[in-house]
Structures are given as C-alpha cells and as structure tokens.
Number of protein chains: 2
Amino acid sequence: VSRELLDRIGIEHPIVQAPMAGAATVELVVAVSEAGGLGSLACALLEPEEIRAQVEEIRSRTSRPFNLNFFCHELPVSDPARAARWRERLAAYRGELGVGSESPAMPLLEPFDGSTCAVVEELAPPVVSFHFGLPADGLLSRVKSAGCLVLSSATTVAEARWLEQKGCDAIVAQGLEAGGHRGMFLAADPTGQVGTLALVPQVVDAVGVPVVAAGGITDARGIVAALALGASAAQMGTAYLLCPESGISPLSGHSSPSRATTPRG
Amino acid sequence: VSRELLDRIGIEHPIVQAPMAGAATVELVVAVSEAGGLGSLACALLEPEEIRAQVEEIRSRTSRPFNLNFFCHELPVSDPARAARWRERLAAYRGELGVGSESPAMPLLEPFDGSTCAVVEELAPPVVSFHFGLPADGLLSRVKSAGCLVLSSATTVAEARWLEQKGCDAIVAQGLEAGGHRGMFLAADPTGQVGTLALVPQVVDAVGVPVVAAGGITDARGIVAALALGASAAQMGTAYLLCPESGISPLSGHSSPSRATTPRG
C-alpha cells in the first residue's frame, strides 16, 4: 500500500474524516487530526469570518494537518413561477396537517467564490477539498498557489478523469453507500451510480493520482478493504456521528446508525 | 482469514463462480473447479434429465467439488385479466414498431420442487446453492441429508439471519453491485438494498456461519477486499463472462463489460 498521499499530507493513518456540514465540529476536526487522521472542517455553511475563527481555534489546539471543505455547485436559475406552484401545491398539505403558514425561504447556499478563496489564501490550510466538482480555473489555481493540496469527489470514472485533468491532487471515489451529499457533477442520472467496492478499483485504474475511498466504510475492515481495492485512504463520515465530538443531537446519535453499523473498537 | 468454509467444501481458492443460468456452461464449471475454485452449475432452466446429464459430464472431467444452483421463488398467482391488459397495451407498440404478432407465452419457470430434489438426492453434489430463499423445510432437510453443503443468498441482514436459522451452512451476501438476479426474498423494496462493501461486514456480524461476498468483485483486489470485510470467499459472475468457456454470444462478450471492469491478470 502506497503511503505517498499520507506522506504528502503529513498524516499517520489512512483516514480522512468526512466533512459533514452541520454535524462535524471543530472538536471533531481537532480530535481526528490529533489522533493521526485528517480532520475536515465543512465550510459550506460558514461565512468567511466564521471560517477564519474556526481555523484559528483548530490551529490553537493542534499543529497537525487539517482540511477545509467547500461546495462548488452551480446555483439553480431562479424560477419564481415554478416556486409559486410548489408553494400552492404544499399549501393544501399545510392546511391538512395544521403546520401553519409558510416558513421564510432559506437563502441559497452560495458556492465557493472569490471571497471564500481569499480566506483560503490567507489561511493556507494544508488540504482543501471540494464537493460537486471544482471551482473555476482561476480560483483553483489561487488555491493551489496557496500551497493547499486539492481533493475533490468523483462518483463515476468520467468525473475522476475530469478532476485529474483539472489538476486535483487526489480524488475521493464516492460510492453509492456514502451517507453525505452525492458529489455528482457530470453524471445526471442517479440510477447509474455504483457502490464503493465496484467504483474504487475502476477509478484507481483510470487516474494516476491517489484515490481516497468513501461510502459505507465504518470500521477497520472497511479501511483494509479500501486499501486492498487500491485506495490510499478511506474517508468516513457516519462512523464519526457517534463520537462525543459530533455535533448531532443526542436523539439522532442514539437512534440513527444501527447497531450493526456501529464502529467496533 | 478463516479457511473453514474452503476446507469444508474442499477447494483451494476463496472463489465461487456465480451460477449464471444461460451464461455458465459445463466447460466453465469444470474449468473453475479444476483451477481450485468452486464451479457452479445453474440448474434453474434445466429439466431433471438435463441436470443429470450435465453433472455426469462434470464428473467425467473433474473429481473436484462443484455446486448445483436452484431457484426457490414463489410462483406468481395467475391473473389472466391483467395479462390481457398488458397484451392490449403492448399491441399498439407492436404495430408502431412493426414487430408482428405476439410470441407465444414462455412457460413459467418452476421453482425447486420434489422432482428436482429427487435428482439432487440421487446425484448428491458436494454443494447446493439456492437463490430467492430456501425450499420448503421438508425439501431442505432432504438436500442436507444427501450430504450437500447448503448456501443461499441474502441481500439484507434480516435475510441472512433467516437463512442461518433455517439451517444454511453458508450465506452469500449479495450486494447491490451484483449483475445477476437479486436474491431478495424477505425484502420487498429494492431502494433499501445496499452495496457489497456495506452489506458484508453487517452480515458477518449478524450470523455465525461463513459468508461469501458477491457483487462488484472482478479481480484479485476485490477478493482481498471481500476477505478483509470478513467474508470467507468471493462469488464472481460477470468476470467469467469474458472467459472462453462462457456461454454468452461473442457480441455481448466483446461489448458488455467495460474495459475498466475487465479482470486483470
């Protein structure tokens, strides 16, 4: 098993904590990085000043490498007429279920842009990972010039090849089992998505950069399997939701992942 | 890695050739068993006399263990009115596409029953595997009394537990990636099916009998991964379709499995 990626990042164990916006905390990032894996701070829901504050907090508590994760989705084109039809359709159910009037529309989640890029340049985290593709070439080269190792997720071989061609340093092969957002960005048909066991060796064969396996990995057996399939590391999210450092509520912490998928020591 | 199952069957390598009705041949079964794996003859489409003849052929060419596979599906209740509505609906498309009149209805595929069981008792193959559950208890105990090791497929943890309770000697954990018939028999919702990487360790934790991993395994990397996940062996089908012993047509042999999934030497 190649340690090239681990050595480039500077981590001991082939484990990447999946960035989970809303569930991963600074405490979790610090705990994973201190334990020799790669902690990942999900920045998709954070304002630039929050990113800066949380990275300062991380750096005050560990000198180990960590990862900042951003979304590169394309914003949907606003369609007020369609939105109005949705509201109208839902109004009947609101009445039936007695859930009262409509809650205010949530602001659209902005993708990685020039202002987030400026914060990344300023903070120069060891690793930056993207989801839903990559930012525009100009932004990507700024991130790379800041010295960050760049990762992004592929759910198909075609997406992996595209990411490598754009200059990704490593590719997260995200199988169908992954609990997080599917990182699809070239693929449009979710029924064409494949499981981690089938995806990882195909991506490993298709690209020259290191591959991180993601999806359905919850314990040491899964990590060893991922390495056997040719991955350099495993990215795990759901398994961390049961940790004391997890940001999910105690209720979901106790009821959500089944005993059968609980990591074993 | 436990060799218990391999030693019980009497095979050298942790490889079960998936029974593929219509694609696997006596030649393939013999080649796999002779090479130290477990060749599997798909009997679902065969009459008792054909099973007898093909097993004689296998035994004339190898003294190694082999597997006979049968379907245990429940026959659908006949509904002539519904069938008539289907035919009516399709008639318009037949006209539009000029495919002529309806072809005669195929006979229903009969599940494993008393007469097939009698042939199994007579032939006493080393291994019998079932798909879509297990035959009725009386038939199953006859198969076991004949000295056959019994395997069946589970696509969920609940199915695996059910099979173990019924007396299965080993369980094929069939992940979502499997190219063959899905062996679902308790589960009804296909959207609840999981990938091999996630399914295998859960089944291994849930049952005490050996587990064979199936689905998306095409080369040595997948076999090592399956063993790392706790399986005792890997069952592979699609990978064998490209062998000279495969019964598929040359056209599908060259176009169907992509290069990326072609087994490497």
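Helices (H or I, at least four residues) and strands (E, at least two) are DSSP runs, numbered from the N terminus. This is a predicted model, in which local features need pLDDT of at least 70, side-chain atom pairs count only at pLDDT 80 or more, and totals for chains, interfaces and linings use all residues. Residues are numbered from 1 along each chain as its sequence is written, chains are lettered from A in the order in which they are written, and side-chain values use heavy atoms, with hydrogens and water left out.

V99(A) sits in the loop between helix 4 (80–97) and helix 5 (114–123) of chain A. Together with W86(A), L90(A), Y93(A) and L97(A), V99(A) makes a nonpolar surface patch of about 550 Å². Patches are made of residues with over 30% relative accessible area and no salt bridge, nonpolar side chains (Val, Leu, Ile, Met, Phe, Trp, Tyr) being joined within 5 Å and like charges within 9 Å; the areas come from the Shrake-Rupley method with a 1.4 Å probe, and for residues only the protein chains shown count as cover.

Chain A and chain B bury about 1800 Å² between them, 64% of it on carbon and sulfur atoms. Buried area here is the accessible area (1.4 Å probe) that two parts lose on being put together, summed over both. On the chain A side, L197(A), D205(A) and R221(A) lose the most area to chain B, together 34% of what that side buries. The contact (heavy atoms within 4.5 Å) takes 22 residues from each of chain A and chain B.

Two salt bridges are counted between the chains, a salt bridge being a side-chain nitrogen of Lys or Arg within 4 Å of a carboxyl oxygen of Asp or Glu. R221(A) pairs in this way with D205(B), the closest N and O atoms being 2.9 Å apart. R221(A) is buried, at 13% relative accessible area, whereas D205(B) is partly exposed, at 33%. For residues, buried means under 20% relative accessible area, exposed over 50%, and partly exposed in between (1.4 Å probe, protein chains only).

Within chain A, D169(A) forms a salt bridge with R8(A), with the closest N and O atoms 3.6 Å apart. D169(A) lies in the loop between helix 7 and strand 6 (170–174) and R8(A) in helix 1 (residues 4–9), so the pair ties together parts that are 161 residues apart in sequence.

Over all chains, zero disulfides are found, a disulfide being a pair of cysteine sulfur atoms within 2.5 Å.
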